[in-house]
Amino acid sequence: MNERQLREMLAGRAPVVAPPELLAMVEAIPATAAIPTTSRWLPVWRPQRRAVVVGLAALVLLASLLAVVIGSQLITRPPGLPGNGVIVVPVQGTLLVVDPATGETVSSGDQLGVGGLTSLGSGVFGEYNSVHWSPDGRSLAGFNRGDLKIVDVESGRVRTMAKLQGCLLGFGRCDVAYSPDGRWMAVTDGTRLNLVDTATGGGYKLRTLGDAAGSPAWSPDSRQIAVSGPGTFYVIDLAGTIVSRPAATGNKLPLEGLSWSPDGSRLGYLRFVGGDANTPSDILLVTVRPDGTDERVIAQVGTCFCVGWGPPGFTWSPDGRQLAFVTLNFPTNGSAKGSVNNVDGELYVANADGSHMRLLTTGVPGGNPAWQPIR
Amino acid sequence: VLTDHLVKRAATDEAVAFAAFARRQLDASYRLAAVILGDPTDAQDATHDAFVSAWRGWSTLRDPDKVDAWFGRILVNSCRSHLRRRRRRPQVIDVSDSIELPAVGDHAADSADRDALARGFARLDADRRLCIALRYYADLTVPQIAARTGWPEGTVKSRLHHALRDLRVTVDDASLEDER
């Protein structure tokens, strides 16, 4: 035993932030406990001063909004990079890059020289792992076995951020998601939800969830993480507390493509219904409130034997007005099990309510789409 | 009427000041409580209790420079009370980080040691556990721990010494188990 190990063990017990309900409880103390008599040494915000500050903040906000609106008219985007960024789908170890406006395949394979993406070597990410954009749209994170890789899409520089033991031997599928504030990466290894500090690469376990924990998705305020489980999902706060866990519906296959709408009001994912050893499950694209209520089936997006297969996926566009998803259609006689060549997979986009569905490209045998934020 | 107004105004100012103080202290306090208690729910309760005590004693404090140390003592006492209250309750200790940084030497041995350390830490009595957390997590010196807990410095040193000895025994025992 040495001092470093002791300090690391203690630091590993510390959650990141206090749960929001604790802040609310503490702020309510003066209203519920006895009021003390005067003491006058702490700085106090007087109402008049607050009004001035709020007014100034409103002015700054207004000026910023105007600058953004005017600036967006002036920015010249790189050729091939449409308004909402590109959609990237990991396909058997390489990345398929698609322009969502035109459906044009920007590039695939080793050289992604269009749209600001250059030279992403094949094999950087593993075969059946998802990738996730950084909030600034400049780098992609994903796993190759147990290595959490970060790729700068402009320079092509690849670095290993951390190693996850649960993925080293290929037992679990590892997924990663950047927090919208860019401070953390949520990482799942099949049984646990972990956090990795993007500044240091240091990580710790936030919560053990049991089988099939994957597909992490951050709430837009970076305070909660949704994680898929067998036929259901968990919403977990940064203290590791489970905020909600709806009852499982459909079969017990893990949900795929869990994604939080940019306005924070709904979660979307693919869930699986029916199926057995010889009959593929139906895949439903649904959205629900974060507490699991008000499920809306957006579309039935194919069938698959999704155990041991690169599953299909789903994501919202960065502005929340569109959806992107990968469909799979396995032959119903089961002949496609284990043969990627027999599977018909396609990438679609649609409006957020499921209307105006458009086929972008074919030949996508599974994979979770990642929609690039506007840079 | 003017007196009533001034009293109400003073009370409002106190509440605003307390809320600002609470927001500033909350995350760090909760983290320290979680390290000491090892359970998010207990940590939440202990932190909340500490802030309630702080609000009740708000008027007794006159020196703004000492507010953090003053609240630190309240928090430590709150955690100590929670530890003693649950002494007879069995605890499920969930241990070990699953992530390791790249280019670090012997991952497996390191991780096993940390697991053993976590188990040993959970077995320490309340006072020794407080000493270890304040020294090696909060990075306080022996005199600072003495001020925080109200114990003599000699007592703090003795408790740290015995706590470290107990932890070493736990890790050594775990190593022997692994070798068998």
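1. B:Cys79 has a relative accessible area of 0% and is therefore buried, the cut-off being under 20%. B:Cys131 also counts as buried, because its relative accessibility is 0%. This is a predicted model, and the disulfide count over all chains is zero. That count requires a pair of cysteine sulfur atoms within 2.5 Å.

2. On confidence, the model scores are ipTM 0.77 and pTM 0.55. The average pLDDT of chain B is 77, and 74% of its residues score at least 70. Where does pLDDT stay under 50 in chain B? The stretch is residues 88-107. For this stretch the model has 44 contacts beyond four places in sequence. I would like the text to mention these residues when it describes chain B.

3. The two chains can be summarised by their elements. Chain A has 23 strands and five helices, whereas chain B has one strand and seven helices. Read from the N terminus, chain B runs α-α-α-β-α-α-α-α. In chain A, 52% of the 375 residues are buried; in chain B, 49% of the 180 residues count as buried.

4. Contact separation was computed for each chain. In chain B, 66% of the contacts between residues at least 6 apart in sequence join residues at least 24 apart. For chain A, residues 24 or more positions apart account for 50% of the contacts with a separation of 6 or more.

5. The largest nonpolar core holds 60 residues, with members from chain A and chain B. Which of them touch the most other members? They are A:Leu6, B:Phe18, B:Phe51 and B:Ile132. Helix α1 of chain B, residues 2-37, gives the most to this core, with eleven residues. A second core is separate and has 19 residues, among them A:Leu270, A:Ile283, A:Leu328 and A:Ala350. In soluble globular proteins, nonpolar side chains tend to be buried together.

6. Leaving out residues up to four places away in sequence, B:Ile132 touches A:Leu6 and A:Leu10 in chain A. Within chain B, the residues touched by B:Ile132 are B:Phe121, B:Leu124, B:Tyr137, B:Leu160, B:Ala163, B:Leu164 and B:Leu167.

7. B:Ala133 sits in helix α5 of chain B. Is B:Ala133 buried or exposed? With 0% relative accessibility, B:Ala133 is buried, because the cut-off is under 20%. Its contacts, not counting residues up to four places away in sequence, are A:Leu10, B:Val35, B:Ile36, B:Phe121 and B:Ala138. The C-alpha atoms of B:Ala133 and B:Leu32 are 7.7 Å apart, while the two residues are 101 residues apart in sequence.

8. Helix α3 of chain B (residues 67-85) packs against helix α6 of chain B (residues 142-149), with the axes 8 Å apart and an angle of about 70°. Angles of 65 to 115 degrees count as roughly perpendicular, so α3(B) and α6(B) are roughly perpendicular to each other. On the α3(B) side the contact is made by B:Ala69, B:Gly72, B:Arg73 and B:Val76. On the α6(B) side it is made by B:Ala147, B:Arg148 and B:Thr149.

9. A:Ser222 lies in the loop between β11 (203-218) and β12 (224-229) of chain A, and is buried because its relative accessible area is 6%, under 20%.

10. A last point concerns A:Glu21, which is found in helix α2 (residues 20-27) of chain A. At 35% relative accessibility A:Glu21 counts as partly exposed. Beyond its neighbours within four places in sequence, A:Glu21 is in contact with A:Asp237 and, in the other chain, with B:Gln44.

How values were computed. Residues are numbered from 1 along each chain as its sequence is written. Chains are lettered from A and ligands numbered from 1 in the order in which they are written. This is a predicted model: local features need pLDDT of at least 70, side-chain atom pairs count only at pLDDT 80 or more; totals for chains, interfaces and linings use all residues. Side-chain values use heavy atoms; hydrogens and water are left out. Buried means under 20% relative accessible area, exposed over 50%, partly exposed in between (1.4 Å probe, protein chains only). pLDDT is the predictor's confidence in each residue, from 0 to 100. Contact means heavy atoms within 4.5 Å. A nonpolar core is a set of buried Ala, Val, Leu, Ile, Met, Phe, Trp, Tyr and Cys residues joined through side-chain atoms within 4.5 Å. Helices (H or I, at least four residues) and strands (E, at least two) are DSSP runs, numbered from the N terminus. Axes are lines fitted to C-alpha atoms, for helices over the stretch in contact, and angles run from 0 to 180 degrees between N-to-C directions. Angles under 35 degrees count as roughly parallel, over 145 as roughly antiparallel, 65 to 115 as roughly perpendicular and the rest as oblique.
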